[in-house]
Amino acid sequence: MRKKLAAGNWKMNGLKADLHEVSALIEAHPHPKCDVLLCPPATLIAGMSMTAAGRIAVGGQDCHMRSSGAHTGDISAQMIRDAGGSHVILGHSERRADHHETDVIVRAKTEAAIEAELVAVVCVGETEAQRDAGETLTLIGNQLKGSLPDHATAANTVIAYEPVWAIGTGRTPTLEQIAEVHDFMREQLIKRFGSEGDGMRLLYGGSVKPSNAAEIFAVSNVDGALVGGASLKAADFGAIIEALSAS
Ligand SMILES: O=C(CO)COP(=O)(O)O
């Protein structure tokens with residue numbers, strides 16, 4: 001049985017003053033039935049870890065593939081762990097687009113994260129043009145194959161399916177489209193990783209909000225969500241946590 005995971009990606013949002021949203025979230029949901037993870041910008045990982053005090057997990061939004069060295073502006077997986085983080089988002093479409101991250105790079109970063117004993121939250125997803133061209137499943141299959149190392153396990157890896165065209169747009173795929181991709185990912189992961197692939201949690205991400213969370217969580221092979229905008233406010237993210245706990 002896979003434990004559900006509600007994950008929030010704050011992206012490039014949040015100052016120290018916003019950590020009160022984390023205290024409010026923990027206060028309002030002291031015993032969630034699902035795992036809860038928040039990934040703030042790097043500047044807030046240590047502060048959020050202190051605020052969270054182990055009640056929810058904290059993670060980074062990216063890490064370098066090397067553990068240290070002359071890489072100005074980058075942070076390593078070890079640094080995230082040292083700051084109190086336990087997870088790291090990798091291969092988000094915004095990183096793939098803005099920083100030209102390829103599957104090869106995402107795989108190297110995933111290896112670095114696992115080596116540092118972080119859980120890698122590896123993102124995949126098609127653009128609207130790729131969906132319109134009927135390439136979605138081929139693309140997702142290739143991203144999974146290229147971005148995951150052979151030693152990925154249910155414990156060290158989570159997959160997030162985030163259609164690029166659904167991120168921050170208010171648009172979501174139909175429930176049938178989400179099911180098609182998640183069922184396909186499960187099949188591919190079992191083929192490659194056996195029972196570990198069966199145990200990996202598959203998150204849906206892209207315009208998840210309190211009003212659509214319950215129906216998305218009822219879809220087969222959806223084990224939680226990776227939430228952007230709606231994770232910034234305790235009230236909204238709390239409602240999503242409740243919907244997931246009830247699913
Ligand atoms: O990219 C996302 C999470 O990583 C999704 O963002 P939104 O929930 O704002 O659409």
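The legends below describe close-up views of one predicted model. Residues are numbered from 1 along each chain as its sequence is written. In this predicted model, local features need pLDDT of at least 70 and side-chain atom pairs count only at pLDDT 80 or more, while totals for chains, interfaces and linings use all residues.

View 1. Helices (H or I, at least four residues) and strands (E, at least two) are DSSP runs, numbered from the N terminus. Along the principal axes, the C-alpha atoms fill a box of roughly 45 × 45 × 35 Å. Of the 247 residues, 47% are buried. A residue is buried if 20 or more other C-beta atoms lie within 10 Å of its own, exposed if 12 or fewer, and partly exposed in between, with C-beta atoms placed from the backbone. Among contacts between residues at least 6 apart in sequence, 73% join residues at least 24 apart; a contact means that the C-beta atoms, placed from the backbone, lie within 7 Å.

**View 2. The residues annotated as "binding site" in an unreviewed UniProt entry.** The annotation covers Asn9, Trp10, Lys11, Gly168, Ser207, Gly228 and Gly229. They are spread over 221 residues of sequence but cluster in space, with a largest C-alpha distance of 13.9 Å. UniProt positions are given in the numbering used here, feature names are shortened, and annotations may be inferred rather than shown by experiment. Lys11 is in the loop between strand S1 (5–9) and helix H1 (20–28), and counts as partly exposed with 19 C-beta neighbours inside 10 Å. Gly229 is in the loop between strand S8 (224–227) and helix H11 (234–246); with 18 C-beta neighbours inside 10 Å, Gly229 also counts as partly exposed.

**View 3. The two residues listed by UniProt under "active site" (unreviewed entry), His92 and Glu162.** These residues are spread over 71 residues of sequence, yet cluster in space, the largest C-alpha distance being 8.3 Å. His92 sits in the loop between strand S4 (87–90) and helix H4 (93–98). It counts as buried, with 28 C-beta neighbours inside 10 Å. Not counting residues up to four places away in sequence, His92 touches Gln61 and Cys123. Glu162 belongs to the loop between strand S6 (157–161) and helix H8 (175–193), and is buried with 25 C-beta neighbours inside 10 Å. Beyond four places in sequence, the contacts of Glu162 are Ser93, Cys123, Gly125, Ile167, Gly205, Gly206 and Leu226.

**View 4. Helix H2 (residues 45–52) and its buried residues.** Ile45, Met48, Ser49, Thr51 and Ala52 are buried. They cover an arc of only 165° around the axis, which puts them on the same side of H2; the arc is that of the directions from the helix axis to the C-beta atoms. The elements covering these buried residues include H1, strand S2 (35–39), strand S3 (57–60) and helix H3 (77–82). Ala53, which follows H2, has a positive phi, near 45°.

Methods: Contact = placed C-beta atoms within 7 Å.
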